[in-house]
Amino acid sequence: MVKQKVYFKTFGCRTNLFDTQVMINALKDFAQTPYEEESDIVVVNSCTVTNGADSGVRNYINRLQNEGKRIFFTGCGVQTQGQALLDRGLVRGVFGHSHKEKINTLLKKDSSFFLSDDLEYLENDILSDFVGKSRAFIKIQEGCDFACSYCIIPSVRGKARSFSQEKILKQVESLAQKGFSEFIITGTNMGSWGKDFGLNIATLVESLCEIPLLKRLRIGSLEPSQIDTHFLSVLENPKIERHLHIALQHTSPKMLKLMNRYNTFEKDLELFNTLSQKGFALGSDFIVGHPGENKEVWEEAFLNFSKFPLTHLHSFIYSPRDNTPSALLKDRINGNIAKERKKQIEGKVQENNLNFRKILNKKKIPLNILIESVELKDSKYIAQGFDEYYNKVKIESQEPIAKDSWIMIENFNPKADKNYAEI
């Protein structure tokens, strides 16, 4: 009997990417396909971090309506729009994160259903593979105990809870045996790992770096308040990628208070300068246009922002979410003004990033690239991947280059979009 084909459409963060792999791993009576057009079933793993994320998911589901596919809906959007999608007949079934390991049974249901989330749940499975990826994402914890005034995520992911160190190490070792050599640890609030049983993120990173087949460890998003002296000392390990992503969200002291953030501008700047002196490329998240960000506040914020040695940036225009304190604030910022501010900070970081890569080139610091894609074009092999500073590199070669291989380059040409090299 031919198995029905399932296509997974994943929106949002790395944690959702991991959750999709859990579902793929749980399929027994169905076949996963990377091609939407050949699928019988589509599973939408949704994101709800902004209104834009919600509308993007809805637009995708609307587009599928006349294609004769059975559609199932999961992810962070279950609480915010799952019932509405089901009531309108746009999806066959809706299930929360805590039901994803039961997907093989759920896809067989003949009638529509809605299964809400258990916000205390942690999955049990060890992934046997990470389909379609050169790097493996490892979820180390779930949920968040922060109470940022703009954020809906704690209400859809639950309180912070950690996977055991034993399970995480077993997962990485299992995938390393399959040939994966770069791992990215991730979670809803990853830096809170271990707080529920007396350990911390630095301890876990130390243990992961001891796995022989692990070649490079990438650390997902951290909060400034979660980086202590122990963590700083662990960063000396050469297996750790020379790039860190630390969520600032803003650089105005007034805005950080309004957002109910734990971090402060002065301590953040000190931390970022310390890490920059250690040679790290540094990324962050930043929200523009949050209520209260008037002209005077923005001018101070951008002046402060310009002092940070940032090389990477995820910037967002504020989006009000129901049942959050920020949504009740009246001092809204014009959308066009917010767009200009977003361009302003993005332009500054793009300039920083190019300068960072130029300095590496001038110092003749070699780059170690994990090759993620290869194509043959005009008798040349064109390979692309990321270096240890999380910058994209494009390599041309007359000789074949293998996908998922590691290449060290000593000469490269830094341009605005990426680094270029010939070997």
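Predicted model: local features only at pLDDT ≥ 70, side-chain atom pairs only at ≥ 80, totals over all residues.
Helix 6 supplies 3 residues to the lining of the second largest cavity, the largest share from any element.

## Cavities

The structure contains 2 cavities of 30 Å³ or more. The second largest cavity has a volume of about 40 Å³. Its lining is made up of Phe18, Ile138, Lys139, Phe163, Lys167, Ile168 and Gln171. Two or more of the lining residues come from each of strand 7 (136-142) and helix 6 (165-177).

The largest cavity has a volume of about 60 Å³. Charged residues account for 7 of its lining, with 2 nonpolar and 2 polar residues besides. The largest cavity lies between domain 1 (5-115) and domain 2 (132-241), because both domains give residues to its lining.

The largest pocket has a volume of about 1,100 Å³. It is lined by 42 residues, of which Cys13, Val49, Thr188, Gln249 and Asp285 are the closest to its centre. Several elements each give two or more residues to this lining: helix 1 (14-26), helix 5 (153-157), strand 9 (182-187), strand 12 (281-288) and strand 13 (312-317). The lining of the largest pocket comprises 20 nonpolar, 16 polar and 6 charged residues.

The second largest pocket holds about 380 Å³ of space. Among its 17 lining residues, Thr311, His312, Gln350, Asn353 and Asp417 are the closest to the centre. At least two lining residues come from strand 13 and at least two from helix 12 (335-362). Helix 12 makes the largest contribution, with 7 residues. The classes in this lining are 6 nonpolar, 5 polar and 6 charged residues. Domain 3 (247-263 + 278-363) and domain 4 (364-422) both contribute to the lining, so the second largest pocket lies between these domains.

| Space | Volume | Lining by class |
|---|---|---|
| Largest pocket | about 1,100 Å³ | 20 nonpolar, 16 polar, 6 charged residues |
| Second largest pocket | about 380 Å³ | 6 nonpolar, 5 polar, 6 charged residues |
| Largest cavity | about 60 Å³ | 2 nonpolar, 2 polar, 7 charged residues |

## Annotated spans and a salt bridge

An unreviewed UniProt entry lists residues 4-112 as "domain: MTTase N-terminal". In the model, the end C-alpha atoms of residues 4-112 are 19 Å apart, and the span is 37% helix and 23% strand. The unreviewed entry also lists residues 130-355 as "domain: Radical SAM core". For residues 130-355, the end C-alpha atoms lie 35 Å apart, with 37% helix and 16% strand in the span.

The model has a count of 26 salt bridges. One of them joins the side chains of lysine 5 and glutamate 38, with an N to O distance of 3.5 Å. This pair links distant parts of the chain, as the two residues are 33 residues apart. Lysine 5 belongs to strand 1 (residues 4-10), whereas glutamate 38 sits in the loop between strand 2 (30-32) and strand 3 (41-46).

An open sheet is formed by 6 strands in the order 17-14-15-16-19-18, with mixed pairing. Strand 17 (406-409) and strand 18 (413-414) are the edge strands, and each pairs on one side only. Strand 18 is joined to strand 19 (residues 419-422) in the antiparallel sense over 2 bridges. Within this pairing, asparagine 413 stands opposite tyrosine 420 of strand 19.

Definitions and conventions: Residues numbered from 1 in each chain as written. Heavy atoms only, no water. Pairing = 2+ DSSP bridges. Helix = DSSP H or I, 4+ residues; strand = E, 2+ residues; numbered from the N terminus. 1 Å grid on protein atoms, 1.4 Å probe; cavity = no way out; pocket = protein on both sides within 12 Å on 5 of 7 lines; lining within 4 Å. Points joined across faces, edges and corners; volume = space filled by probe spheres on them. Nonpolar A, V, L, I, M, F, W, Y, C, P; charged D, E, K, R; others polar. Domains from an automatic or database assignment. UniProt positions renumbered as here; feature names shortened; annotations may be inferred. Salt bridge = Lys/Arg side-chain N within 4 Å of Asp/Glu carboxyl O.
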